[in-house]
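Thank you all for making time today. Please keep the sequence and the structure in view while I talk you through a few places in them.

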Amino acid sequence: QVRLVESGGGLVQAGESLTLSCAVSGANFMVLPVGWYRQAQAPGKQRAFIASVHATGNTNFAESMQGRVIISKDDAKNSVYLQLNNLRPEDTDIYYCAAGGIIDYKPAYWGGGVRVTVSS
């Protein structure tokens, strides 16, 4: 069974950077697309796609986040990373790692999420 475990969340100040990690197990990481989503902590808010990385190394980014995020993968560690730069208070959300499926809008697997809080 595919398992995704996020880490690296926390409290940062506006303008700072933060790197989230996603450890993947239970799947062939070499062929699995992995991505990141965010979700506001308000009723009815949907998870929003941030970025994805494919087995080939190709990446895709949401237009709203492009230029402020970097996604990378380490095949030796079965891990994917999301570097968030120039963070803003409105980036305060729960960030989720996702994998498989149609990674950019309907992943097959989800991690439990990690909280990122950006103070002004």
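Let me begin with a term: two strands pair if DSSP finds at least two bridges between them, and strands themselves are DSSP runs of E with at least two residues, numbered from the N terminus. What we have here is a predicted model, in which local features need pLDDT of at least 70 and side-chain atom pairs count only at pLDDT 80 or more, while totals for chains, interfaces and linings use all residues. Residues are numbered from 1 along each chain as its sequence is written, and side-chain values use heavy atoms, with hydrogens and water left out.

With that in mind, strand 7 and strand 8, the latter covering residues 79-84, pair in the antiparallel sense over 6 bridges, and Lys73 stands opposite Val80 of strand 8. Both strands belong to an open sheet of 4 strands in the order 1-3-8-7, with antiparallel pairing. At its edges are strand 1 (3-7) and strand 7 (69-74), each of which pairs on one side only.

Gly101, by contrast, sits in the loop between strand 9 (93-99) and strand 10 (109-110), and Gly101 counts as exposed because its relative accessibility is 53%. Although Gly101 and Pro33 are 68 residues apart in sequence, their C-alpha atoms are 8.1 Å apart in space.

Conventions. Buried < 20%, exposed > 50% of the residue type's maximum accessible area, 1.4 Å probe, protein only.
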